[in-house]
Amino acid sequence: MVVSLILMLVISFGSFFAVLAAGWSPRLGLDLAGGTELILTPATGHTISASQLNEAETIIRNRVAGIGVSGSTVQVQGNPPQIIVQVPGVDNGRQLQREIASTAQLLFRPVVCFAVPYVKPTGKTKIGNTAHLPACDPPYVLSKQNINVVPNSNDVNGYTSNNIPADPKYANYPSTIPTQDVALRPALLPGLPTAQGTARYVLFPAVMTGNVVSGAQAQQDSTGAWVVNCTLTSQGSVQWDHYSQQYFHQFMGIELDGIVQSAPLILPAQASWTSFNGQVSISGNLTQADANTL
């Protein structure tokens, strides 16, 4: 028993001094470290589906992760369900609510040009001011003339076009932060991550919001390719016809919560513009998962 006691003491004190030497410290919970807890509930009188709850939870998790505070948690509890967010060490509850609990916005923004990935400046180089974005240089502007879409039934895509590179001038400009992502202002936003990396887009102010969409479904077209079919409201149909004609054969960015989910060309397989009659189909090498997410 004496040997066992001595061995236990050696292990205990050894572990204690090892922790001190490593510089480790306890991670305090919300009750000890202080912080903010937000409880998000469905609007009064509204019920939400499991898919809507999952979508909301994913959006909130992404926003919380973007804050960069370790020890933050996002949990779904109760019936009706609530999303409970706990962020230790952050005491400004109103600011936190603005950052992570605002309604996700769906915006339709014409694309001005592609932008190269952000590179943090070194030395005397200054970080670009995203509140005042410079104009894209002419060779990189995604104008109808530069893109030069030509419908071609013999091409696998149904058309050919010029491959416009990304404008290198935006290398030192970080993407627009959420508080500056305003519908009536230009923005520099990332796209969804792909195997080739994450594209970035310089975008005009929004021409429409998600209010024009009355429904959307991920479906397969006649060739078996996955697409997203959207039904527009009567007012949205009129608006979309106007802007799709204005930006015919150009890119339209579809932004959700600060990320360009898709940036399709408008009617690239057609030689002339025709009315959409309130039905919009978004296509372009989408997998089933891509279509469901979009």
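Student: Why does isoleucine 11 count as exposed?
Tutor: Its relative accessibility is 51%, and exposed means over 50% relative accessible area, buried under 20% and partly exposed in between, with a 1.4 Å probe and protein chains only; therefore isoleucine 11 counts as exposed. Isoleucine 11 lies in helix α1, residues 2-22, where helices are DSSP runs of H or I with at least four residues and strands are runs of E with at least two, numbered from the N terminus.

Tutor: A word on the source: this is a predicted model, in which local features need pLDDT of at least 70 and side-chain atom pairs count only at pLDDT 80 or more, while totals for chains, interfaces and linings use all residues. Residues are numbered from 1 along each chain as its sequence is written, and side-chain values use heavy atoms, with hydrogens and water left out.

Student: What makes cysteine 113 and cysteine 136 a disulfide?
Tutor: The S to S distance is 2.2 Å, and a disulfide is a pair of cysteine sulfur atoms within 2.5 Å, so cysteine 113 and cysteine 136 are joined by a disulfide. A search of the whole structure finds one disulfide. Cysteine 113 lies in strand β4 (residues 106-115) and cysteine 136 in the loop between β4 and α5 (144-147), so the pair ties together parts that are 23 residues apart in sequence.

Student: Why is this disulfide called left-handed?
Tutor: The torsion about the S-S bond is about -70°, so the disulfide is left-handed.

Student: Is cysteine 136 buried or exposed?
Tutor: Cysteine 136 has 10% relative accessibility and so counts as buried, and cysteine 113, at 0%, is buried as well.

Student: Which residues of the largest nonpolar core touch the most other members?
Tutor: Of its 19 residues, these are Phe108, Trp240, Met252, Ile266 and Val280; a nonpolar core is a set of buried Ala, Val, Leu, Ile, Met, Phe, Trp, Tyr and Cys residues joined through side-chain atoms within 4.5 Å. The largest share of this core, four residues, comes from β11.

Student: How do you know that β10 and β11 pair?
Tutor: DSSP must find at least two bridges between two strands for them to pair, and β10 and β11 have seven bridges in the antiparallel sense, so the two strands count as paired. Alanine 216 stands opposite cysteine 230 in β11, and cysteine 230 is buried, with a relative accessible area of 10%.
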